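My entries follow in the order I made them.

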Amino acid sequence: MDLRLPGLRGPRRPRRLLAAAAAVVVLAGAGTWTAVADDDRPAVHHSDQVMSVDGVRLDTSYFTSGASGRRPAVLLGHGFGGTKDDVRQQAEDLARAGYAVLTWSARGFGKSTGKIGLNDPKGEVADVSKLIDWLAGRPEVELDKKGDPRVGVAGASYGGAISLLAAGYDDRVDAIAPSITYWNLADALFPDGVFKKLWAGVFVNSGGGCDQFEPVLCAMYQRVAESGTPDAAARALLDARSPSVVADRIKVPTLLVQGQADSLFTLAQADAAEKAIKANGAPVDVDWIAGGHDGGTMETSRVQARVTAWFDRYLKDEKHTDTGPAFRVTRTGGVDSTDGTVPLRGASGDSYPGLENDPRDIALTGREQSFENPAGAGPPAISALPGLGGTGLGQLSAFGVGVSLDFPGQYAAFDSAPLTRALRITGSPTVTVHVKSTGDTAVLFGKVYDVGPDGSRQLPSQLVAPIRVDGARAGKDVTLTLPAIDHDIEEGHRLSLVLASTDLGYASPAAPATYTVSLKSELRVPTAPGVTTAAAPLPSWVWWLPLAGAGLALLLLLTGRRRTAMPAPDPELAEVPLQIAGLSKKYAGGDRYSVRELSFQVEKGQVLGLLGPNGAGKTTTLRMLMGLITPDEGEIRVFGHAVRPGAPVLSRVGSFVEGAGFLPHLTGRENLDLYWKATGRPAEDAHLEEALQIAGLGDALARAVRTYSQGMRQRLAIAQAMLGLPDLLILDEPTNGLDPPQIREMREVMIRYAAAGRTVIVSSHLLAEVEQSCTHLVVMDRGRLVQAGPVGAIVGSGDTLLVGTAAPVEEPVLEKVAALPGIASADRTDEGLLVRLDADGSAQRLVAELVRLDVPVQSVGPHRRLEDAFLTLIGGSA
């Protein structure tokens, strides 16, 4: 099958860039720019555009930052079932790092049209080449030569595969950084000829159903799902959509990030990619992270920093940039008793060890064993729970525990003796067994348990390896390659090889059969001794405590008088939740004030919205209010007490900033209990039941947080902020990531909380939501106060009038109203008419004309949205 397309990479095939570029048409959004910035970070310029690519509309976003001039470009792909919005934060960070970044929603996702092709070379892969054509025409993008931009491609899962495929099909790609993705999709979904049914179902459901896929893919899925057995045509279809089909063409620097907690795309996928790309002579680094599609910690900040460094080295040609070790693996173990988190430590090697490095043979014992494949392959054994993402069982392995289930009579087990010394397995164990079946085919699921002295069993990363044995009736020796893991077996523990007849995630033969298995070899485990864990450093206090003690004594002597001169409480403000007076703040090295001479006051029972364009100083103000940073000038008083870092009055303030970290395996209530215990305050002061009633979580409190939707997590985070029923509650962007129903629920939470006389301050960019939720507003721009007051007073002026009518206005009458002198526009609403006056119009003249036209006028009043008022106040600079 010839998969090479015009304009795409292939041996000695000429590029047709001009023809390809002609197929990219910007349909909407060109030139619509907004600025995105935090208070102390550079602005990012962002535009949304819909491009027509060979009849398919692709929804794209383009990000740049900093001064004009050419810079390398990066294409960022999203995961399956997601959209371009999922990678927006990384795009902004890369833009600030000096890249022009283009994101897009792949075919069939978000606002993009077309059928899902699972990275079809003639579909999604060709789209990427057209996007590269578009980048080549941008004045901000550095060119290697005409039509050839300096460009890298990155992404996770589905987006990771497209980066590999783009490098294989388009030789203009200069570097790639795929993560938790596949090298061969057929191997991933049909490992050793066994159908990974649950993950395949997740793919189809995440895509919106079978009809959203290319017809040939939908027909293939239905055929395999019905039979339970992949056929040659199904495998060929997925092979053709895999990076492995262009393995010899991927010759660019590649950073492979793969997840250890991943039953979808295992470490073996990255291993195959590394071997192939390295054989082409390209630099390849491999990074095994703690998480994956089954959950765990995704190490997002560290990984994205490494991706940026990779592009700095190979796109910017910054040869001094440290891109990290050739191989790195994140190791976990135990729980930090101080905060309940799982400590992560990196281990690294000067070269990638592969999955079979420095093997050690472990003797197993056990007689020949027979067990059943039950009719209908049920009940199935349980290892991973595919499709649950951050809630999967693989995440529990980080805590040194796991949940797995093998049914008696449906498996064979072979055990080692207790280990006399600890053993670190890094790679894929192998074992040879003899398999015999009463049927022609046997399907087995192999796994290795870590068994403690007390009999407790842990399945590392919750992974199993399926194997199909054809011709099993006569008996057959087979070598089973078990899942690649990085796992420490402690001294005194045993290894247990289990061969089961069923697994929840896979299709097994429906016909009943009896399998008989015996050992033919020892268990061979790779150890990779060249991969070493960084030594844990001595606690920092060992070094700084003596010096800090002397320094603190000196500081107390020097500042003792100043400390006694701290402002005394103001009794007149004892009932005022917040007063800010003359507040100013300039960050070190900055050339402007983030906050300048800001003053306002908040009263009890108010829900105050803090508004302003990006860079207005909202976040800096909230940080000063919470005592996190100190103002240069002015003061903040909460209930009459001056706010300083650690001030006792801050115990009356609750805050929700950038979400909260919860332990996913605990229930919502257990997470809140743990948080409150960490404060050291009496349990009765938590007012837990009142906070929970306001948050409205109901029965969900008894469920593990891993089962929560984003909206429920947000409400749990706000419930945490409300513990102790603080008199002043600060919420920074509480509706981020929520859908409209969840936003409405959040609004009701805020209103209920303030109804008891408490005060809420909310910073949000959703102006329509602020208009409905808040009683008062403070509008900031460029660090200064623009206006403060009740929402109605700020919104209720302007040149738009709402005319209430007793009956709907017919279209001919509406046209006459719109044509009246002094009328800029007229539109029908549920209440009547929305009329915008021009410079010559007036309400009196409008009413007179409406009466003349026999419009049944009941009321006339000003109508202006908060958005209109906001843009008027800040001069449209948002």
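**Charges over rings**

I started with R457, whose charged end sits over the ring of Y449, 4.0 Å from the ring centre. The rule I used asks for NZ of Lys or CZ of Arg within 6 Å of the ring centre and within 35 degrees of the ring normal. I also logged R249, which lies over the face of Y169 at 5.6 Å from the ring centre.

**Ground rules**

This is a predicted model, in which local features need pLDDT of at least 70, side-chain atom pairs count only at pLDDT 80 or more, and totals for chains, interfaces and linings use all residues. Residues are numbered from 1 along each chain as its sequence is written, and side-chain values use heavy atoms, with hydrogens and water left out.

**Overall figures**

I noted 21 helices and 42 strands in the protein. These are DSSP runs numbered from the N terminus: helices are H or I with at least four residues, strands are E with at least two. Of the 878 residues, 52% count as buried. Buried means under 20% relative accessible area, exposed over 50%, and partly exposed in between (1.4 Å probe, protein chains only). I then took contacts, meaning heavy atoms within 4.5 Å. Among those between residues at least 6 apart in sequence, 74% join residues at least 24 apart.

**Ring pairs**

How many aromatic pairs does a search of the whole structure find? I got 14. Rings of Phe, Tyr and Trp (its six-membered ring) pair if their centres lie within 6.5 Å; planes under 30 degrees apart are stacked, over 60 edge-to-face, and the rest tilted.

Y62 and W134 make an edge-to-face pair, 5.0 Å centre to centre with 90° between the planes. Y62 is in strand β4 (residues 56–65) and W134 in helix α3 (residues 124–136), so this pair ties together parts 72 residues apart in sequence. Both Y62 and W134 are buried.

Next I checked W310 and Y314. Their ring centres are 4.8 Å apart and their planes are at 55°, so the pair is tilted. Both residues lie in helix α10 (residues 300–314), four residues apart, about one turn of the helix. W310 has 1% relative accessibility and counts as buried. Y314, at 22%, counts as partly exposed.

I also found a cluster: ring pairs link F80, F109, Y158, F203 and F213.

**Cavities**

I ran a 1 Å grid over the protein atoms alone. A cavity is a set of points where a 1.4 Å probe fits but cannot get out; a pocket is an open set with protein on both sides within 12 Å along at least five of seven lines; lining residues have an atom within 4 Å of a point. Grid points are joined across faces, edges and corners, and a volume is the space filled by probe spheres set on the points. The count is seven cavities of 30 Å³ or more.

The largest cavity holds about 160 Å³ of space. It has 16 lining residues, with L118, L189, V204, M220 and Y221 nearest its centre. Helix α7 (215–227) is among the elements that supply at least two residues, and α7 gives the most, five. What is the class make-up of this lining? It is 16 nonpolar, no polar and no charged. Here Ala, Val, Leu, Ile, Met, Phe, Trp, Tyr, Cys and Pro count as nonpolar, Asp, Glu, Lys and Arg as charged, and the others, Gly among them, as polar.

The second largest cavity has a volume of about 90 Å³. Its lining has 13 residues, and W104, A106, N119, Y158 and I162 lie nearest its centre. This lining divides into six nonpolar, four polar and three charged.

**A pocket**

The second largest pocket has a volume of about 710 Å³. Its lining numbers 39 residues, with P191, T266, A268, A465 and T481 nearest the centre. Helix α9 supplies the largest share, six residues. By class I counted 21 nonpolar, 11 polar and seven charged.

**S501**

S501 is in the loop between β25 (494–500) and β26 (513–519). Buried or exposed? At 0% relative accessibility, S501 counts as buried. Y411 is 90 residues from S501 in sequence, yet 6.1 Å away in space, C-alpha to C-alpha. Leaving out residues up to four places away in sequence, S501 touches several others, including F371, E372, N373 and Y515.
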